Amino acid sequence: MTDLRQDTRDSFAEIFGRDADGVWSAPGRVNLIGEHTDYNEGFVLPLAINRRTVAALGLRDDRIVRVGSSFADELVEIDLADLGPEVLSGWSAYPLGVAWALGEFGADLDAVPGFDVLIDSNVPVGAGLSSSAAIESAVAVALNEVWQLGLDRQTLAKVGQRAENVAVGAPTGIMDQSASLLGERDSVVFLDCRTLDAQVVPLGLEAAGLEMLIIDTGVEHSHATGGYADRRASCEAGAAALGVESLRDVSVADLDRARELLDDVTFRRVRHVVTEDQRVLDTVRTLREHGPAAIGELLDASHRSMRDDFEISVPELDLAVETAQANGAIGARMTGGGFGGSAIALVPSDAMSRVLVALDGAFAEHGFGQPDLFTVSASEGAKREN
Ligand code: GLA
């Protein structure tokens, strides 16, 4: 981390010919449980991870914005007067989308100064660990400070979501940005996506002798196209048919009635969301009362619900989950939007090597590409580094 911060500061000076005013960082996230519940105004339980995006930023005395990054050769330049979602594309839509979205949440884009920013990251891209929310959150906290906007973290999460929804065009919820902005070391963020009330709940993996393994299947997913938006539409149709504002207003006890009112597919989409909300509440209670060693069955049930009812898993994710479970993990599930990306497994430290070997073997046996395997720990949210 120290290196990434210093490297980014050094590269900023090299590229822009002056020192940055400061360096900010924001983490990627893993969702422990609560999938596709955020845009249904339900509950989620993500954590910020120890993989971060760093943004070195310096204000300018004109109205120009220049954005560079270690992962693209181009330097994108735009006048603040021309900034709008319609002119943004490619990776720079994330940082520039945030600058634009801040205007929607109170920044006076006709008055604020331009800036140069350089972005670097060790959050893997395309693994379902919210590398995009990490960029958005790092830039949001940086601009909130240098433009002296005084926006709170919940509002900055909405800014990042708006950038993603409008500038990037992915109809995602509020979870990823909230995790990146509100996360704390060794804790999960229990977020009510209706009120945005957030509570930090201790996770205590190390004390329980557990590690969180990420199994990145390498299967690519995109939330700007296809399945994600379809599922969101099914949830909205289900809520409308049940006469509620959102699926948050449906409880497990209402499901028998829902079965009579909905077609089979919509019913199963609704059942996933409604039971998943309950599993988040159960996980929070279990974590508080018994610690992380007791939540495995809830993770497993969440995966089954996504595989069978919400139908967003893929064979590689199912294999990852089943192999981890069969070789000593206490619980495992796919994490994130689905259709690819990563699974997580809670693995006792003394079973880790067996799980790793079994995963490599199982993927090879099925003719799948080798998964990328690494552990993460719960880390602090976005902050100024220096
Ligand atoms: C993606 C989205 C989130 C959330 C998850 C599914 O990560 O960005 O808003 O909907 O999928 O839980």
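**Close-up views of a predicted model**

**View 1. The hairpin of β4 and β5.** Strands β4 and β5 form a hairpin, with 2 residues between them. The model is a predicted one, in which local features need pLDDT of at least 70 and side-chain atom pairs count only at pLDDT 80 or more, whereas totals for chains, interfaces and linings use all residues. Residues are numbered from 1 along each chain as its sequence is written, and side-chain values use heavy atoms, with hydrogens and water left out. Strands (E, at least two residues) and helices (H or I, at least four) are DSSP runs numbered from the N terminus, and two strands pair if DSSP finds at least two bridges between them. Strand β5 covers residues 72-79 and pairs with β4 in the antiparallel sense over 5 bridges; within this pairing, valine 67 has valine 76 of β5 as its bridge partner.

View 2. Strand β4 (residues 64-69) is mostly covered, 6 of its 6 residues being buried, where buried means under 20% relative accessible area, exposed over 50% and partly exposed in between (1.4 Å probe, protein chains only). Ile64, Arg66 and Gly68 on one side of β4, and Val65, Val67 and Ser69 on the other, are all buried, which leaves both faces covered. Strand β6 (residues 115-121) runs parallel to β4 and is joined to it by 5 bridges, with glycine 68 having leucine 118 of β6 as its bridge partner.

**View 3. The salt bridge of aspartate 116 and arginine 60.** The side chains of aspartate 116 and arginine 60 meet in a salt bridge at 3.1 Å, N to O, the term standing for a side-chain nitrogen of Lys or Arg within 4 Å of a carboxyl oxygen of Asp or Glu. This pair links distant parts of the chain, 56 residues apart, since aspartate 116 belongs to strand β6 and arginine 60 to the loop between β3 (46-59) and β4. Aspartate 116 has a relative accessibility of 1% and therefore counts as buried. The structure holds 25 salt bridges.

**View 4. The salt bridge of arginine 185 and glutamate 380.** Arginine 185 and glutamate 380 meet through their side chains in a salt bridge at 3.2 Å, N to O. Because arginine 185 lies in the loop between α5 and β7 (187-192) and glutamate 380 in the loop between β12 (372-376) and β13 (383-384), the pair ties together parts that are 195 residues apart in sequence. Arginine 185 is exposed, with a relative accessible area of 59%, while glutamate 380, at 26% relative accessibility, counts as partly exposed. Helix α5 (residues 175-182) is mostly covered, with 8 of its 8 residues buried, among them Met175, Asp176 and Leu182.

View 5. The side chains of arginine 285 and aspartate 282 meet in a salt bridge at 3.4 Å, N to O. Both residues lie in helix α8 (residues 264-290), 3 residues apart, about one turn of the helix. An α-helix has 3.6 residues a turn, so residues three or four places apart point the same way. Arginine 285 counts as partly exposed at 45% relative accessibility, whereas aspartate 282 is buried, with a relative accessible area of 18%.
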